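Subject: Structure handover

Hello,

The structure is below, with notes on what was found in it after that. Please read the notes alongside the coordinates.

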Amino acid sequence: MPGAVSDYLENALLNHVFRGVAYTAPTAIYLALYTSDPTDADTGTEVSGGGYARQQVTFTAPSNGVITNTADIVFPEATADWGTITHLGLHDAVTGGNLLWHGPVVQSRLILTGDQLVIKAGTISVTLD
């Protein structure tokens with residue numbers, strides 16, 4: 001899936017690699033669902049309410065600049081309509097925190113009350129090239 005590194009992570013990596021400014025990697029990464037493009041500045045609309053919560057995700061070791069999620073990501077059952085999911089974001093905290101990466105979903109999906117979204121292992125890929 002195509003995606004982009006956020007402004008926050010771009011600056012952190014450039015500072016770390018080229019200016020010697022320490023960057024501490026997050027201890028966990030969380031997947032967020034959006035109903036609009038978060039953009040590099042994290043200005044999109046993240047799902048909220050209705051039982052929604054970001055879910056932790058783990059990744060494979062990089063191969064040729066690509067990592068993929070190692071396990072299924074299971075969101076809780078929606079207790080209210082979440083809207084149409086159009087984008088995903090990877091954050092460094094379960095709430096708040098910083099957007100690290102974002103991208104559009106392959107196919108938008110409307111999440112209604114009672115639905116449960118499961119993203120299969122290997123379907124989220126993050127690429128740096």
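Contact here means heavy atoms within 4.5 Å. This is a predicted model, in which local features need pLDDT of at least 70 and side-chain atom pairs count only at pLDDT 80 or more, while totals for chains, interfaces and linings use all residues. Residues are numbered from 1 along each chain as its sequence is written, and side-chain values use heavy atoms, with hydrogens and water left out.

N69 sits in the loop between β4 (66–68) and β5 (73–74); strands (E, at least two residues) and helices (H or I, at least four) are DSSP runs, numbered from the N terminus. Beyond its neighbours within four places in sequence, N69 is in contact with V57, T58, F59, I119, K120, A121, G122, T123 and I124. N69 counts as buried because its relative accessibility is 2%, the cut-off for buried being under 20% (1.4 Å probe, protein chains only). The N69 side chain reaches the backbone oxygen of A71 at 3.1 Å, and one of its polar atoms lies 3.0 Å from the backbone nitrogen of T123.

The open sheet has five strands in the order β1-β7-β6-β2-β3, with antiparallel pairing; two strands pair if DSSP finds at least two bridges between them. Its edge strands, β1 (4–5) and β3 (55–57), each pair on one side only. Eight bridges join β6 (residues 83–91) to β7 (residues 99–111) in the antiparallel sense, and H91 has L99 in β7 as its bridge partner.

Just after α1, G20 takes a positive phi of about 70 degrees.

Regards

Note on methods: Buried < 20%, exposed > 50% of the residue type's maximum accessible area, 1.4 Å probe, protein only. Polar contact = N/O pair within 3.5 Å; in protein donor to acceptor, adjacent residues only side chain to side chain.
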